[in-house]
Each structure stands twice: as C-alpha cells, then as structure tokens.
Amino acid sequence: MWFSNFHDTREAFFVMFVYLFFKAFGLATVKFNFESIKKTLIAGKEASEVLKPSRVGIAYNMLLIIILSILNYVAIRVSYERPDFTDRSELEMKIDTVKAVTACFSSFIILLIFSFQQEKYVLTVHEVLSIRQSLISINSAIYFENESIWKIITKLLIFMFVNWILLFITIEIQNDYQFLLYFVTTNLCDMIMTHTVLQFSIALKMIEQLFRVTNANFDHDSKASFRLNDEICLNVALKKVQVILNKLSRLQDLHLSLCNVFEDLAGFYAQSMLLCVWYIFVSMILSAFYVTKPIITGNTGLSVVMYLRTVIHFLHHTSLLIMLTKCVTDLIAEREKTGKIISVWLAKIDNQQFEKKLTKFSIYLMHQKVKFSVFGIFSLDNSILLSIIGTITTYLIILQQENLSSNSNNSNCH
C-alpha cells in the first residue's frame, strides 16, 4: 500500500512537471490544482477541480505574444542588415522571411486559442479523468495491466528534448551573440508549434489507452460469458449473467463518452493542428531546399555545421509529422478493435439478453466512426504522409528551378 501511494505521488509530481513544461510555452493557461490530482491518483476520487480557468494564464500569453513580436522583428531586421545574412540570393532571403512570418503568425493564433478557450479545455480534461476513474472502478486490475501512458509520455518528452538539443548544439555563434539571438528567436515560435503537436499527441495517447482498457474489459467479459453458456442452460448463473450485462451497459456508456471526448478534443485542436501542419509543411519544403541545393548547384552556401543543422531541422519536422499521424492512426485502430471484439462475442454467445444488447451496440459502432479531420480539409492519419511527400517534391523542384534561374540572371548581369 505504501509503495502504491509513493508510486501515485510520483505520478502526480510527473503530471505537475508536464503541466509546467507546457505552461512555459503558453500551452497550459489554466490553473492546476496539485492536491486535487494527488487525490485523484491516490484515493481515486473524482477530479472536478484539477483545472480551473485562469486570467493570469491569459496575461502570460499576451506578454509572450508581445515579447515574441519584438524578438521576431529584431531577428528579421538582423537577417536583412548583417552582411553574414545578406550574402544570399534574393530567393533565399524571401524563403527565410516566409518561414519566420508563418511561424510567428501561427504561434500567435495558437497562444490566443489556448487563452480564450480555457473552459472547453478544462471540461475535456475533467471528462477524461472521470472516464479513467470509472474504468478503474469497473476493474482496477485490467486498468493497471494496460496502463502505459506515463512511459509513453516520458518517451515523447525525451524524443522532443533530444531533437532540441541536436538543433541548439549546431548553432554557430561566430564571435558574437547576434547569431545566437537570431537563431534562438527564430526557434521560439517553432518550439510553440512543435510542443502544440507534442501536447496533442500525448492527449491522443491518453484517449487511446482508455479505449485499450475498455476493449480489454469487453474481451474479459466476453470470455466470462462464454464460460457461463453451460451454466445458463442449467439456470445456475443468472446472477453472474446480470452482473456481466450491467458491466456491458456501463462499458457501452463509457465507450460513447470516449467517442464524444475525442470529438471535443479534435474540435479544440483543429485550428491549432491546421496551423501546425501548415507550418511543418512549409518548414520541410524550405529545409529540403537547402539540403538538396548542393546536389543541384554544387554549392550549399552554408558552413558544414549550418548544413548539418538544416538536415537535423528537416528530420525534426519529418519525425514530428510521423509521430502525430501515428498517434491518430493508433487511436483509430484501437477504436476499430472494439467492433471486432463485439462481433466475435455476438457470433459465439447463445443468450437472447446478450444478443439483444450486443446487436444494438454493434449497430452503433458501425455508424460511429472516429477520425480526425481538420475542418474536412484533410485527415490526420498515415495517408497524409504520402500526399505531403508528393507536394513537397513538387514545390522543391519549382524552388530549385527558380534558384537556378535567379543565379543565371545574376551571372549574366555581372
């Protein structure tokens, strides 16, 4: 018991760390109640007061927007005034400006979304915690056997930290700190965007785990009902049948709640994901332009360290997009697994009460499709990867042709 409490207390501190981590980037504007989350994890109590809307969080994000605006203005001026930066083609200067403005604008919109949609954010988190507590109350052993969210979050955070360490150690200071100021500033907006994707990925993994636990309960109860087939015929286990039927009703309600929570989550993050995917798309095109430039022209125009940094930056955004689409795909796959379990249960069971409930639930599952579509423009699953690769290739060819044409015109002028 003592070890269990210690373990849950450690998890509460870990949740607090994750909250503060996202708060630093303006992605957790709500007020966090540490004592309430401890009671939820240790005592299993309802967590209706874990998060609350906060005006301080809104003020922090407004201050962050002002600071980022000033820093980005300074960074763009530096890029146009210093000889180190102006010794580039006109196309390359436009490319860097487009990327900086896209990152700045998108990050500002995201900060505003997290500032003024706190109520929606709080309600969704509390609903997730409520479903978690309900699943624990149904069968705590099954829940903790399938709980892996803390390990997943740790892996995602380590993945992100490694990416940023690799990016920052490849910054060239070159005897003054203007370079450092420039690169840190241009990466601050990038960090807000990438950590928004990280936060959404963690949220998706939490929903996926709850679907996994729900499916494990369905599977457990289906096997229990199969074992009762003979006893049902002998009219011995009617009470046990009723217990399973009651659990089935609760699990169906929780499954419906999970689908609704996912829709709420998708609605909250839809605008942010549209901006993030757009920014990642633009960044991958521009990074790919610099990475492939020596293959086309024979000259990178960058030092070895800066070229390496560009390659890492491209891989950073590529892996981020893969992480996001994989999280969405895994969640959808786990949700579809429910239908398979119910179909097998319905095919094997020989009891009218079970058949009636399972048939109704099976019809519901056929009509309730879970997918993450950004305003109907595109679906965030593995299918989008091939589309993005094809589009990036097309734009990359156009940019390289424009660069060759620009270099040719400059040569003719000289």
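This is a predicted model: local features need pLDDT of at least 70, side-chain atom pairs count only at pLDDT 80 or more; totals for chains, interfaces and linings use all residues.

Student: Why is Asp221 called buried?

Tutor: Asp221 lies in helix α9, residues 178–227. Its relative accessibility is 2%, and the term buried requires a value under 20%. Asp221 therefore counts as buried.

Student: What makes the pairing of Asp221 and Lys247 a polar contact?

Tutor: The side chains of Asp221 and Lys247 are joined at 3.0 Å, and the limit for such a pair of N or O atoms is 3.5 Å. Leaving aside residues up to four places away in sequence, Asp221 touches Ile244, Lys247, Leu251 and Trp345.

Student: Why is Ile165 called exposed?

Tutor: Ile165, in helix α8, has a relative accessibility of 52%. Exposed means over 50%, so Ile165 counts as exposed. Ile165 also belongs to a nonpolar surface patch with Phe17, Ile158, Phe161, Val162, Leu166 and Ile169, and together these residues have about 640 Å² of accessible area. Helix α8 (residues 149–169) provides the largest share of the patch, six residues.

Student: Why is the pair of Phe114 and Tyr269 called edge-to-face?

Tutor: The structure holds 16 aromatic pairs. In this one, the ring centres of Phe114 and Tyr269 are 6.2 Å apart and the planes stand at 70°. Pairing requires centres within 6.5 Å, and edge-to-face requires an angle over 60 degrees, so the pair of Phe114 and Tyr269 is edge-to-face. The pair links distant parts of the chain, with Phe114 in helix α5 (residues 90–116) and Tyr269 in helix α11 (residues 238–297), 155 residues apart. Both Phe114 and Tyr269 are buried. They also belong to one aromatic cluster with Tyr121, Phe200 and Phe268.

Student: How do you know that Asp330 and Lys205 form a salt bridge?

Tutor: Their side chains meet at 3.2 Å, N to O, and the criterion is a distance within 4 Å. This pair also links distant parts of the chain: Asp330 is in helix α12 (residues 304–348) and Lys205 in helix α9, 125 residues apart.

Student: Are Asp330 and Lys205 buried or partly exposed, and what makes them so?

Tutor: Asp330 has a relative accessibility of 21% and therefore counts as partly exposed, whereas Lys205, at 12%, counts as buried. The boundary for buried is under 20%.

Student: Why are Glu208 and Arg212 said to be separated by about one helical turn?

Tutor: Glu208 and Arg212 are four residues apart in helix α9, which means a separation of about one helical turn. They form a salt bridge whose closest N and O atoms are 3.0 Å apart. Glu208, with a relative accessible area of 7%, is buried.

Conventions
Residues are numbered from 1 along each chain as its sequence is written. Side-chain values use heavy atoms; hydrogens and water are left out. Patches are made of residues with over 30% relative accessible area and no salt bridge: like charges are joined within 9 Å, nonpolar side chains (Val, Leu, Ile, Met, Phe, Trp, Tyr) within 5 Å. Accessible areas come from the Shrake-Rupley method with a 1.4 Å probe; for residues, only the protein chains shown count as cover. Helices (H or I, at least four residues) and strands (E, at least two) are DSSP runs, numbered from the N terminus. Buried means under 20% relative accessible area, exposed over 50%, partly exposed in between (1.4 Å probe, protein chains only). A polar contact is a pair of N or O atoms within 3.5 Å; within protein, one must be able to donate a hydrogen and the other to accept it, and residues adjacent in sequence count only if both atoms are side-chain atoms. Contact means heavy atoms within 4.5 Å. Rings of Phe, Tyr and Trp (its six-membered ring) pair if their centres lie within 6.5 Å; planes under 30 degrees apart count as stacked, over 60 as edge-to-face and the rest as tilted.
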